[in-house]
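I opened this entry to record what I looked up, going from the whole chain to a sheet and then to single residues.

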Amino acid sequence: MNLKQMEYFTTIVNEGSISAASKILHISQPPLSTQMKLLENELGVTLFERGSRAIALTDAGKVFYERAQGILDMAGAARQEMEQMGRGLHGFLRLGMVSSTETSSIIGRIADFRAQHPGIYFRIYEGNTYQLMDKLNTGLIEAAIVRTPFPEDSYECCYLAEEPMMAVGMPGHFPDVAADSISLEQLCTCPLIIYRRWEGELNRLLPRERQDYLCINDDARTSLTWAGTGIGVAIAPASIARRAHPGMLVKTITTPGFTSRITLIRQRDRAMSSIGQDFIRFFKEGWDIIPSQTALSSNN
């Protein structure tokens with residue numbers, strides 16, 4: 001198995017057929033088909049079923065596509081890092097982001113970094129915190145912007161200022177429409193829509209009989225969309241709650257300890273590219289950074 005075979009395979013998947021991929025790769029169909037057969041023989045599995053017009057990935061093919069794409073991305077990143085050495089800050093920054101960190105302040109900060117270094121381009125990898133931690137561990141990305149809580153021991157962390165959690169929903173769900181805030185105890189009677197990451201924390205704070213959540217999902221924006229239908233009350237960080245639809249109420253949750261922080265993390269003791277190091281230094285400047293014993297360092 002080699003990188004070229006992985007490139008052939010991922011191109012076939014992306015294009016939907018061997019014939020379409022052969023045009024992109026400038027290879028005739030018979031040798032391309034032969035390479036795929038050799039790859040399948042080596043792996044001992046069938047990667048896709050060949051149809052008259054398009055291919056259909058098997059379960060093994062779906063797994064291999066994800067792994068092959070990651071390996072190709074890492075190989076490309078290694079080439080780019082070697083090319084950028086001695087040229088200053090030119091190349092790609094491979095950065096992970098969870099959806100609830102994609103706020104105007106964060107994106108604006110990244111844009112300011114790009115304005116100072118016009119030779120830099122971004123490869124953003126999205127997913128939940130645990131998916132991004134896995135990408136950090138394998139070296140696919142250099143850093144990730146995530147939210148607390150998460151297991152922090154293996155990472156160096158740069159914490160932004162703490163922000164409150166908010167309850168977002170239509171007026172009919174709230175016991176006191178005029179109040180600016182609400183406690184989790186008061187929210188117990190509401191049908192709650194929550195982001196899966198906060199399920200454990202809510203289970204710790206709420207009585208067991210009130211843990212029958214209406215909806216548990218993997219994206220804070222999904223929670224807001226559901227709440228916008230009037231079906232229930234979403235729980236989301238303040239920076240995301242501001243995106244609520246017109247007519248929805250947004251109330252600060254006052255329960256002590258139920259807060260969140262946007263956090264920039266990198267894997268401890270792993271060398272970083274010069275782009276990654278400079279991004280971390282830039283990211284820390286001008287923010288209300290929370291000191292911690294695992295404060296993020298820009299050094300290798």
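This is a predicted model: local features need pLDDT of at least 70, side-chain atom pairs count only at pLDDT 80 or more; totals for chains, interfaces and linings use all residues.

**Entry 1: the whole chain**

I counted 11 helices and 14 strands in the chain. I fitted a box to the C-alpha atoms along the principal axes, and its sides are roughly 70 × 50 × 35 Å. Of the 300 residues, 47% are buried. I then took the contacts between residues at least 6 apart in sequence and found that 70% of them join residues at least 24 apart. The accessible surface of the chain is about 14,900 Å², and carbon and sulfur atoms hold 50% of that. For the charges, I compared the mean positions of the 30 positive and the 33 negative ones; they lie 4 Å apart.

**Entry 2: the open sheet**

In what order do the 5 strands of the open sheet lie? I read the order as β4-β3-β5-β14-β6, with mixed pairing. At the edges are β4 (120-126) and β6 (155-159), each of which pairs on one side only. From one strand to the next the twist averages 25 degrees.

I went through the pairings next. Strand β3, residues 91-97, runs parallel to β4 and is joined to it by 7 bridges. In this pairing Gly91 stands opposite Ile120 of β4. β3 is also parallel to β5, with 3 bridges between them, and here Leu95 faces Ala143 of β5.

**Entry 3: strand β5 and its cover**

How many of the residues of β5 are buried? I found 5 of its 5 residues buried, so the strand is mostly covered under the cut-off of under 20% relative accessible area. Ala143, Ile145 and Arg147 point one way from β5, while Ala144 and Val146 point the other way. I marked Arg147 as buried along with the others.

Helix α6 (residues 129-138) lies across β3, β4, β5 (143-147), β6 and β14 (262-267), and runs at about 160 degrees to β5. Helix α11, residues 274-284, packs on the sheet too, touching β3, β4, β5, β6 and β14. The direction of α11 makes about 55 degrees with that of β3.

**Entry 4: Gln5**

I looked up Gln5 in helix α1, which spans residues 3-15. Is Gln5 buried or exposed? It counts as buried, because its relative accessibility is 6%. Beyond its neighbours within four places in sequence, I listed contacts of Gln5 with Gln35, Met36, Leu38, Leu39 and Glu42.

**Entry 5: Gly169**

Gly169 lies in strand β7, residues 163-169. I put Gly169 down as buried because its relative accessibility is 0%. With neighbours within four places in sequence left aside, its contacts are Phe174, Gly232, Met248 and Leu249. I also checked Gly169 against Val233: the two are 64 residues apart in sequence, and their C-alpha atoms are 4.5 Å apart in space.

Conventions: Residues are numbered from 1 along each chain as its sequence is written. Side-chain values use heavy atoms; hydrogens and water are left out. Two strands pair if DSSP finds at least two bridges between them. Helices (H or I, at least four residues) and strands (E, at least two) are DSSP runs, numbered from the N terminus. Axes are lines fitted to C-alpha atoms, for helices over the stretch in contact, and angles run from 0 to 180 degrees between N-to-C directions. Contact means heavy atoms within 4.5 Å. Buried means under 20% relative accessible area, exposed over 50%, partly exposed in between (1.4 Å probe, protein chains only). Accessible areas come from the Shrake-Rupley method with a 1.4 Å probe; for residues, only the protein chains shown count as cover. Lys and Arg count as positive and Asp and Glu as negative; His and the chain ends are not counted. The place of a charge is taken as NZ of Lys, CZ of Arg, CG of Asp or CD of Glu.
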